[in-house]
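Please keep the viewer open as you read.

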Amino acid sequence: MSPSTKIVLPAIVAVDQGTSSTKTIVVDGEGRILSRASVKVSRVDARPGWVEQDAEEIRSSVISSITAALAGLDGDVDIRGIGLSNQRESAVVWDRETGKALGPMLGWQDRRTASRVAEYEDLGWGDIVRHKTGLPLDPMFSALKIQWLLDQIDPDRTASMAGRIAVGTVDSWLVHSLTGEHRIELGNASRTQLLNLESASWDLELLELFQIPLRCMPRLAASSEPTDPIVGVPVLPADTRIYAVLGDSHAALFAHGVRGPGQVKATHGSGSSVMGLLQPGAPDPADGRGLVRTIAWATPDPVYAFEGTILSTGATLLWLGQLLGMGPGQLSAIAQTVSTSQGVDLVPAFAGLGAPYWDEKAVAVICGFGLGTKPAELARAAFESVALQTEALFEAVEQLLGARIETVLTDGGPSQNDWLMQLQADFSQRDVIRSNIAELSATGAAHLAGISSGLWSADECARLPRETSVFFPGMDPVQSLVRRERWRSAVARSRGRSADYLPSDEE
C-alpha cells in the first residue's frame with residue numbers, strides 16, 4: 001500500500017442525549033470508539049418538584065457534540081448513519097411550522113402534575129391506565145406533562161386540533177429538529193402513558209382522558225426505521241440519516257447484547273433503571289411488584305420488557321457533593337474513609353419514590369445521625385442509597401421471575417466507580433458485571449444503527465467486543481441482610497409508615 005493511500009473507515013455516529021449532558025461517539029466497523037465528545041446541558045428547578053430544560057439548548061447540544069466528535073477524529077471516516085438514544089419521559093411542545101419550542105421542556109423528574117394524578121386515581125382511572133399502558137399513574141410519564149404544557153399555551157386546544165402544534169418526547173423533538181419528520185420511536189412512545197401496549201398504537205380513550213388531540217401527536221415508528229436526511233448539521237455528509245432511535249435505558253440493554261429473557265441490567269445516571277426482556281405470556285410486572293411493562297424496541301415488531309425506575313441515584317451524589325462543596329471524586333474519596341455509615345441512612349425521595357414503591361408522597365429523609373456524625377458518614381450513606389435502592393428492585397424482579405438472580409449487568413456514569421459497584425455486589429450478594437464503556441447507551445444506538453444501515457449483520461453485532469469488569473460479593477451475607485433491613489426501615493420512615501413495613505407484604 002502506498003504511504004499516501006488514505007484509509008477511510010466505515011463508521012456510525014451515535015448520540016446519547018441525557019439529562020445532564022449530550023454525548024457523541026464515533027464507532028468503526030469493528031465496534032471500536034474512534035472519537036468521543038460531551039456537551040453539558042443545564043436544568044432549572046424553578047420550584048420544588050419542578051424540573052425544566054431548554055429544548056433549544058438540547059438541540060444545539062446535539063449539533064455541538066456531533067461537531068466536536070467528528071473534529072476529534074484522527075483520520076477519515078465514511079459515515080454510514082446516525083444512532084440516537086435519549087432521556088425518555090421528558091416532554092416538549094413546539095410550533096409545527098417554525099420548529100420553535102413553545103415552552104420549557106418538562107424533565108422526566110418533574111412532579112408538578114402530582115395533584116392531577118390524585119384526581120384521576122379518585123375517578124377510578126388508575127387500573128385502566130395501568131392495564132392499557134403497563135404504567136402506573138405517575139407524574140414521571142409524559143401524558144400529564146404534555147397536558148400541562150398545552151394548558152399553558154393552548155387551553156382550548158384550538159391550535160392543537162388545527163395541527164399547528166406538535167408534541168413529543170426528546171427523540172421526537174430531535175428527529176423533527178434534524179429532519180423535519182414528526183415521529184416517535186415505539187419504545188419512547190410506550191413511556192408516554194398514551195400508547196396501548198397490546199395494539200402498539202395511540203389509545204384514543206387515553207388521549208381524550210388527558211385532553212391531548214390526536215392531531216398534535218407524532219407518527220409511531222419502529223426503532224430501526226431510517227429517517228429522512230438530516231439538515232442543518234454542516235459536518236455531516238448530505239443524505240445522512242438516523243438509522244436507530246432508542247430510549248437510553250433500552251439502548252443500554254441492547255448494548256449489553258441482551259436479546260432474550262433471563263438477563264437483568266441496571267443503568268445508573270441521574271436516576272437508575274433496572275430492566276430485562278419479558279417472556280411471552282409472562283405475568284404482568286405491575287401486579288404487586290412495583291415494576292412496569294414497556295416496549296424495549298421494535299425491529300420492526302415490538303419486544304416487551306419489564307422495568308423499575310429509581311428517581312434519584314446519581315442526582316443524589318451530585319446534590320450532596322454540591323452541598324458539601326465537593327466534586328464527585330472528592331465525595332467518593334471521603335466516603336471510603338469510613339467502613340460504615342455509623343447508622344446513617346439517606347433516602348433520596350426528593351420528588352417522591354419511584355419503583356418499587358411509586359409513592360409521590362414520600363419525603364426525603366436523613367435518619368440515624370447525631371452530633372458526632374461526620375461528612376464522610378453522610379457521603380457513605382448517599383453512595384449506599386444507590387446500591388440499596390437498586391437491590392430493592394432486584395428483589396422485585398425475583399418475585400416476577402420466580403427465581404434467584406445470581407448475576408446482574410450494570411452500566412452508566414456512576415457505575416464506573418469501582419467502590420460503588422463493590423457495594424452493590426456486597427449488599428445484593430450477587431455478581432455484578434459492569435460494562436467498561438462509559439457511553440453504553442450511545443453504543444447501543446450505534447449497534448442498532450449499524451444493523452439497520454447494513455454496516456454489520458445482527459450476528460456480527462453480537463460478536464463485537466464488550467469490555468467488562470466483574471465484582472463478587474465480599475460481605476458476610478448476614479451483615480448484608482442486616483444492612484438491607486435497616487434500609488427498609490428508613491424507607492418506611494420516608495413514606496410515613498411503621499418501621500417494620502415491608503414493601504412485598506402490601507404491594
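Is Arg-483 buried or exposed? Arg-483 is buried, at a relative accessible area of 8%; here buried means under 20% relative accessible area, exposed over 50% and partly exposed in between, with a 1.4 Å probe and protein chains only.

## About the model

This is a predicted model, in which local features need pLDDT of at least 70 and side-chain atom pairs count only at pLDDT 80 or more, while totals for chains, interfaces and linings use all residues. Residues are numbered from 1 along each chain as its sequence is written, and side-chain values use heavy atoms, with hydrogens and water left out.

Because Arg-483 lies in helix α16 and Glu-384 in helix α12 (residues 375–401), the pair ties together parts that are 99 residues apart in sequence. Helices (H or I, at least four residues) and strands (E, at least two) are DSSP runs, numbered from the N terminus. Glu-384 is buried too, with a relative accessible area of 3%.

Arg-484 counts as buried at 16% relative accessibility, whereas Glu-395 is partly exposed at 23%.

## A loop-to-loop pair and a network

Where do the two partners of the Arg-495 and Asp-359 salt bridge lie? Their side chains meet at 2.8 Å, N to O. Arg-495 is in the loop between α16 (477–494) and α17 (503–506), and Asp-359 is in the loop between β18 (345–347) and β19 (365–367), so the pair ties together parts that are 136 residues apart in sequence. Arg-495 counts as buried at 11% relative accessibility, and Asp-359 counts as buried at 11% as well.

The whole structure holds 36 salt bridges. Some are joined up: Arg-88, Glu-89, Arg-191, Asp-248 and Glu-307 are linked in a network of salt bridges.

## Cavities

A cavity is a set of points on a 1 Å grid over the protein atoms alone where a 1.4 Å probe fits but cannot get out, and lining residues have an atom within 4 Å of a point. Grid points are joined across faces, edges and corners, and a volume is the space filled by probe spheres set on the points. The count comes to 3 cavities of 30 Å³ or more.

The largest cavity has a volume of about 70 Å³. Among its lining residues are Ile-310, Pro-348, Tyr-357, Gln-389, Trp-487 and Val-491. This lining divides into 8 nonpolar, 4 polar and no charged residues, where Ala, Val, Leu, Ile, Met, Phe, Trp, Tyr, Cys and Pro count as nonpolar, Asp, Glu, Lys and Arg as charged, and the others, Gly among them, as polar. The second largest cavity holds about 60 Å³ of space, and its lining has 5 nonpolar, 3 polar and 1 charged residues. Helix α14 (residues 440–453) gives the most to that lining, with 3 residues; the lining as a whole includes Leu-440, Thr-443, His-447 and Arg-466.

## The seven-stranded sheet

Which strands make up the open sheet of 7 strands, and in what order? The order is β16-β17-β15-β14-β20-β21-β22, with mixed pairing; two strands pair if DSSP finds at least two bridges between them. The edge strands, each pairing on one side only, are β16 (292–298) and β22 (468–471).

Strand β14 (residues 265–268) runs antiparallel to β15 (residues 272–277), with 4 bridges joining them, and a hairpin of 3 residues connects the two. On the β15 side, Ala-266 stands opposite Val-274 and Lys-265 has Met-275 as its bridge partner. With β20 (residues 407–411), β14 pairs in the parallel sense over 3 bridges, and there the bridge partner of Ala-266 is Thr-410. Lys-265 and Thr-267 point one way from β14 and Ala-266 and His-268 the other way, and all are buried.

Terms used
Salt bridge = Lys/Arg side-chain N within 4 Å of Asp/Glu carboxyl O. 1 Å grid on protein atoms, 1.4 Å probe; cavity = no way out; pocket = protein on both sides within 12 Å on 5 of 7 lines; lining within 4 Å.
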